[in-house]
Amino acid sequence: MKIRLTKQNDIAALQEVLNGTELFPSEMLPDMVDGFLSDGQSLEIWLTCEKNSKAVGFCYAVPEELAEGAWNMLAIAILPTEQGKGFGGAIIKHLEVELKKRGQRILIADTSGSDEFAKTRAFYRKNGYSEEARIRDFWAAGDDKVVFWKSLI
């Protein structure tokens, strides 16, 4: 397993990850990662996780605007055939270490409160995140937004 900054040639493999997880439409990925890849001053963090030199997952985090030292992990996805093998935990840990090096304080992650996302919520808890907030009916009627929080200090 290798975790590193995302590169242009990772996009096709990461689109396969998105097609497998259905986190969001894979055709959105090139535009989303473009600013990070083209701007050496971008504050975004895109990390790619490799297995045998093939990208099998990624995470994406941004600083929260108007908040000091607070970051939001907007996406994390691992190829379904590789889930449960430690890739997700490793990539989050890598992100946390990088943010600590930068002197950041907290990392949050939003997810759904629906039954379909029960494994996602368990994943965050397993990795030391606590449920900090729940906004009822946020994503849709009956689908709460659940905010997970972790101190980096």
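Colleague: Leaving out residues up to four places away in sequence, which residues does Thr 21 touch?

Modeller: Thr 21 touches Ala 77, Ile 78, Pro 80 and Gln 83, where contact means heavy atoms within 4.5 Å. A word on the source: this is a predicted model, local features need pLDDT of at least 70, side-chain atom pairs count only at pLDDT 80 or more, and totals for chains, interfaces and linings use all residues. Residues are numbered from 1 along each chain as its sequence is written, and side-chain values use heavy atoms, with hydrogens and water left out.

Colleague: Why is Thr 21 called partly exposed?

Modeller: Its relative accessible area is 25%. Buried means under 20%, exposed means over 50%, and partly exposed is what lies in between (1.4 Å probe, protein chains only). Thr 21 is therefore partly exposed. You'll find Thr 21 in helix H1, and its C-alpha is 17 Å from that of Lys 51, which is 30 residues away in sequence.

Colleague: What makes Val 17 count as buried?

Modeller: Val 17 has 0% relative accessibility, so it counts as buried. Val 17 also lies in helix H1. Take Ile 78: 61 residues separate it from Val 17 along the chain, yet their C-alpha atoms are separated by 6.2 Å.

Colleague: Why are H1 and H2 called oblique?

Modeller: Helix H1 (residues 11-21) and helix H2 (residues 29-38) pack at an angle of about 135°, and their axes are 11 Å apart. An axis is a line fitted to C-alpha atoms, for helices over the stretch in contact, and the angle runs from 0 to 180 degrees between N-to-C directions. Under 35 degrees is roughly parallel, over 145 roughly antiparallel, 65 to 115 roughly perpendicular, and the rest oblique. That's why H1 and H2 are oblique to each other.

Colleague: Which residues of H1 and H2 meet?

Modeller: On the H1 side they are Ile 11, Leu 14, Gln 15 and Leu 18, and they meet Leu 29, Pro 30, Val 33 and Leu 37 in H2. By class, that contact has 7 nonpolar, 1 polar and no charged residues.

Colleague: How do you know that Asn 52 is exposed?

Modeller: The relative accessible area of Asn 52 is 71%, so Asn 52 is exposed. Asn 52 sits in the loop between strand S2 (45-51) and strand S3 (54-63). Its phi is positive, about 50°, although Asn 52 is not a glycine. Most residues other than glycine have a negative phi.

Colleague: And what makes Leu 66 exposed?

Modeller: At a relative accessible area of 93%, Leu 66 is exposed. Leu 66 is in the loop between S3 and strand S4 (70-78), and it too has a positive phi, about 65°, without being a glycine.

Colleague: Why is Thr 111 called buried?

Modeller: Thr 111 has a relative accessible area of 5%, so it is buried. Thr 111 belongs to strand S5 (residues 106-112). Leaving aside neighbours within four places in sequence, its contacts include Phe 117, Tyr 124, Trp 139 and Lys 145.

Colleague: How do you know that Lys 145 is buried?

Modeller: Lys 145 has 14% relative accessibility, so Lys 145 counts as buried. Lys 145 is part of strand S7 (residues 143-151). With neighbours within four places set aside, Lys 145 is in contact with Asp 110, Thr 111, Ala 133, Arg 134, Ile 135, Phe 138 and Trp 139.

Colleague: How many residues does helix H3 have, and how far does H3 reach?

Modeller: H3 (residues 87-101) has 15 residues and reaches 21 Å from its first C-alpha to its last, close to the 21 Å expected at 1.5 Å a residue. The expected span is 1.5 Å times one less than the number of residues. The buried residues of H3 are Phe 87, Gly 88, Ile 91, Ile 92, Leu 95, Glu 96 and Leu 99. After H3 comes Gly 103, with a positive phi near 75°.

Conventions: Helix = DSSP H or I, 4+ residues; strand = E, 2+ residues; numbered from the N terminus. Nonpolar A, V, L, I, M, F, W, Y, C, P; charged D, E, K, R; others polar.
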